[in-house]
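Student: Could you walk me through how to read a structure like this one? I'd like the general idea each time, then the case at hand.

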Amino acid sequence: MRQYLDLKEKHPDALLFFRCGDFYEMFFEDAVIAARALDLVLTSRDKGKEDSVPMCGVPYHAARGYLAKLTELGHKVAVCEQMEDPKLAKGLVKREIVRVITPGVVLDDDVLDPKLPRYLAALVPSDRAKNGARAAAPNGRARSDDLPIGLAYLDATTGDLYATEVPCSAVIDELIRVAPREVLVDAALLGDDKHSVAALRQRYRVPWNPAPVPASDVAARELKLLVGEASFAERPLALRAAATVVAYAKATQPIGTLPITKLVGYDPSDAVVLDETAIANLELVETIIGRRTQGSLLDVIDQTVTAPGGRRLRRWLLYPLVDVAQIRRRQDAVGWLVERPALTEQIRRALGKIADLERLAGKATLGVATPRDLGRLRDALVQLPELVELVRSGATKLDPLPELLDLRAAADRTLPALATRLGKALVDEPPYVLKDGGVIRAGYDASVDECRRLADGGKDEILAIEAREQKDSGIANLKVRYNRVFGYYIEITKTHLAKVPTHYVRKQTIATGERYVTPELAELEKKVLTAEETLAAREAELFRAEVIAVAEVAARISAAGAALAILDVCASLADVAARRGYCRPVVDDGLVIDLVDARHPVIESMLPPGSFVPNDCRLDAGELAIAAAGTSSDGGTPDPMRRGGEQLLLITGPNMAGKSTYMRQVAQITLLAQIGAFVPAKSALIGICDRVFTRVGAADNLSRGDSTFMVEMRETASILAKATRRSLVILDEVGRGTSTFDGVSIAWAVAEHLHDAIGARTLFATHYHELVALSDSRPRVRNVSVAVREHKNEIVFLRRVVPGGANKSYGIDVARLAGLPRHTIARAREIMAKLEGGNFGLGLGATPQLSLGIVAPHAAAAASAAAAAA
Ligand code: ADP
Ligand code: MG
């Protein structure tokens with residue numbers, strides 16, 4: 001117990017898995033928590049005594065499942081092992097904590113999703129935010145929203161480490177993109193509940209640890225060595241956050257080394273700024289309803305065949321580029337592959353056989369690689385030269401290998417050499433557990449071979465002895481057996497006891513007979529057991545040497561893995577482009593978006609081929625556009641869809657016509673273009689966007705406790721505050737959450753502001769036809785509508801976006817399609833006729849809803865009865 005308490009003291013915030021023989025035991029409060037979480041029987045030590053201690057336990061061989069469950073529930077677990085063989089230990093068995101598993105630092109393949117990074121993040125505030133927030137605001141209210149916060153995140157399985165600084169108000173958006181599983185945060189930030197970081201916790205639900213960070217100064221110094229003294233001079237908080245995650249992750253691995261080889265510093269403005277709303281509304285990585293991957297944009301474009309490729313593509317999609325040169329470099333790689341479909345297919349097949357080099361390198365460095373891991377690593381490394389050769393075979397003088405597909409890191413000659421080494425040392429299919437033995441290949445090590453011969457030979461000899469003794473004694477069922485207490489012994493059943501030879505030494509009487517030993521058996525036993533023990537120790541030693549050899553070149557392995565990840569991503573994008581008929585967009589620094597025959601990538605993929613109706617879209621926020629508005633270059637009649645100067649497209653049309661789909665497809669195509677992908681269109685021109693904003697209906701965040709309208713207005717406010725002329729703004733039915741007059745007025749004013757003050761490329765869908773008039777006074781507003789046709793009193797959705805505003809909402813027609821009762825539809829038409837005749841308000845200054853409300857229920861019933869009768 002004292003030993004237990006000593007260890008527990010070092011990890012007060014973790015559940016302690018205390019190894020006792022074949023079990024991990026938990027005591028005190030830990031036992032109560034674990035028993036509840038894992039549905040275990042809670043017992044107690046020294047049962048019945050006054051100060052009995054609650055305890056529970058799990059068998060060691062089943063521990064992985066339990067550990068996984070606890071960490072997924074957000075617990076932190078310290079695993080304590082017996083560090084010596086209890087048989088050999090003098091006195092108390094030595095025990096040590098060998099690793100700590102936390103939600104953010106999990107190394108178990110059974111828990112990790114191969115295509116998702118597992119991030120541990122840290123937030124570090126500036127000192128000003130810590131002490132001065134309240135003092136800084138004269139009115140007593142904390143205004144620390146825009147003080148910078150250092151944010152860093154580490155995937156301990158691969159050593160990927162990123163660090164940045166973001167304003168406090170943007171922290172949640174960045175956390176949503178990164179999706180860490182655990183956040184370490186300076187206690188000062190959590191303590192003050194007026195401070196906005198405290199509110200972050202409500203929004204981003206993973207474990208938040210007020211991290212008591214051990215020795216992060218040491219970590220900071222080490223990181224500086226890694227990245228160079230100067231490189232984070234401008235971002236001291238980012239470096240401190242990085243040091244915090246590293247120090248915390250280190251403390252979880254007292255035995256292994258973290259596989260960190262570089263620290264990537266970045267500025268959120270290096271990528272398209274995407275807030276929580278945009279990521280959710282555009283369904284980039286999961287759907288709004290059900291939060292499933294299937295049906296997301298990522299799901300459509302992710303045809304990667306390796307786990308690192310999947311992780312990399314996810315990163316690309318969440319961090320679209322804003323630098324034209326960088327985007328073109330990616331396009332060149334994708335385009336090169338698109339032109340070589342057969343080669344791309346071969347490359348993908350070859351890649352599919354290559355294991356996760358980044359994580360395998362990480363596991364070797366951490367010292368947790370299993371024999372099977374090294375076997376998979378070897379089998380992957382062996383294939384690299386051939387794969388590199390394959391990719392290079394596609395290059396010609398005129399059409400050389402694009403920069404991104406330069407596989408120099410994968411062509412590293414040390415890697416096949418390592419594969420050869422591993423091939424010599426390890427058997428073809430190494431077992432998962434080292435203790436099972438059979439790891440080292442025959443012929444590799446003389447001592448292993450000798451021990452195996454002895455151990456196996458021993459078994460042969462036993463069979464020989466058994467046969468001989470049976471013959472000599474004439475006892476046919478004489479058996480040579482083994483148990484832990486006596487070692488090898490001869491067992492003879494009762495009926496044959498008379499025939500037992502005199503040199504047998506009796507050891508034990510059992511119900512069915514007697515057990516004997518002989519000097520010969522004792523001799524043999526010693527030989528076999530020593531051989532087995534020596535063999536196990538020698539195999540372990542040799543295996544560790546292989547792990548160390550791998551760890552020594554882990555950075556090179558991981559670099560090769562990164563090169564292959566990029567190859568995989570580009571091949572995936574090329575595959576999608578070819579199969580779905582995407583085009584290479586022209587990307588430039590202009591302010592135009594011009595799409596011809598564009599489709600919605602996700603909806604198109606769900607419909608039968610060819611049935612999605614393509615549409616054009618032209619948006620232009622350029623200065624020239626203002627001058628050119630209304631004229632065409634050849635002086636002829638301007639094409640109303642392409643007359644220039646269309647900064648704000650006002651989209652009208654009935655419900656279900658396809659407005660939302662149209663707007664989302666423009667946004668998704670823009671983002672695809674900026675990650676370097678091909679896009680679903682006949683042709684596309686994309687002037688880089690710095691931010692993409694969305695305000696899309698139906699994303700009510702009821703869990704946050706705000707009303708729909710409140711959320712809508714908050715999102716709209718944020719757009720008006722942050723959008724620039726370079727942004728792309730998607731507004732879907734703004735003002736829907738309130739009464740018609742309020743709604744129209746707000747929508748109108750928002751549209752004007754976007755036109756007059758911001759000038760961002762904007763798609764604005766509305767069911768308020770009044771807004772169509774906006775284009776009379778605002779030169780860069782264009783009306784378009786999604787066409788429907790009336791056919792024998794039915795409406796037919798054409799899904800085609802055409803110039804001009806809709807003059808009718810067809811709401812009642814849609815209601816009829818939806819199955820509203822016939823008399824209700826008839827009554828609605830009647831009321832609408834009255835309203836359209838200007839017969840509303842009734843001088844009461846009320847909204848239509850209110851004016852209709854004054855019809856007493858019985859009068860309404862009478863009226864509809866009359867209508868039905870008529
Ligand atoms: P709105 O926003 O105008 O109410 P939506 O954009 O939600 O309409 O579209 C309604 C449905 O119509 C979508 O679920 C989609 O399946 C279908 N749809 C929309 N646009 C197209 C299109 N261009 N081609 C084929 N189907 C479409
Ligand atoms: Mg809609």
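Student: Which N or O atom in a side chain is 2.7 Å from an oxygen atom of ligand 1?

Tutor: A polar contact is a pair of N or O atoms within 3.5 Å; within protein, one must be able to donate a hydrogen and the other to accept it, and residues adjacent in sequence count only if both atoms are side-chain atoms. Here the side-chain atom belongs to Ser660, 2.7 Å from an oxygen atom of ligand 1. Taken alone, ligand 1 exposes 560 Å², and the protein buries 78% of that. Those areas come from the Shrake-Rupley method with a 1.4 Å probe; for residues, only the protein chains shown count as cover.

Before we go on, some ground rules: this is a predicted model, where local features need pLDDT of at least 70, side-chain atom pairs count only at pLDDT 80 or more, and totals for chains, interfaces and linings use all residues. Residues are numbered from 1 along each chain as its sequence is written, chains are lettered from A and ligands numbered from 1 in the order in which they are written, and side-chain values use heavy atoms, with hydrogens and water left out.

Student: Which backbone atoms lie 2.9 Å from ligand 1?

Tutor: A backbone N or O atom of Val613 lies 2.9 Å from a nitrogen atom of the ligand, and one from Gly658 lies 2.9 Å from an oxygen atom of the ligand.

Student: What surrounds ligand 1?

Tutor: To be near the ligand, a residue needs one of its heavy atoms within 4 Å of it. The shell includes Leu607, Phe612, Pro654, Lys659, Thr661 and Arg799. By class there are 6 nonpolar, 4 polar and 2 charged residues. The classes are Ala, Val, Leu, Ile, Met, Phe, Trp, Tyr, Cys and Pro as nonpolar, Asp, Glu, Lys and Arg as charged, and the others, Gly among them, as polar.

Student: Which helix gives the most to that shell?

Tutor: Helices (H or I, at least four residues) and strands (E, at least two) are DSSP runs, numbered from the N terminus. Helix H24 (residues 659–674) gives the most, with 3 residues. The whole chain comes to 31 helices and 27 strands.

Student: Is Leu648 buried or exposed?

Tutor: Buried means under 20% relative accessible area, exposed over 50%, and partly exposed in between (1.4 Å probe, protein chains only). Leu648 counts as buried because its relative accessibility is 0%. Leu648 is found in strand S21 (residues 648–652). Its C-alpha atom is separated by 6.0 Å from that of Arg761, 113 residues apart along the chain. Contact means heavy atoms within 4.5 Å. Leaving aside neighbours within four places in sequence, Leu648 is in contact with residues including Ala751, Phe764 and Val781.

Student: How do I read strand pairing, and which strands does S10 pair with?

Tutor: Two strands pair if DSSP finds at least two bridges between them. S10 (residues 182–185) runs parallel to S7 (residues 119–125), joined by 4 bridges, and Val183 is the bridge partner of Ala121. S10 also pairs in the parallel sense with S11 (residues 208–210) over 3 bridges, where Leu184 stands opposite Asn209.

Student: How many residues of helix H6 are buried?

Tutor: In H6 (residues 171–178), 7 of its 8 residues are buried. Just after H6, Ala179 takes a positive phi of about 55 degrees.
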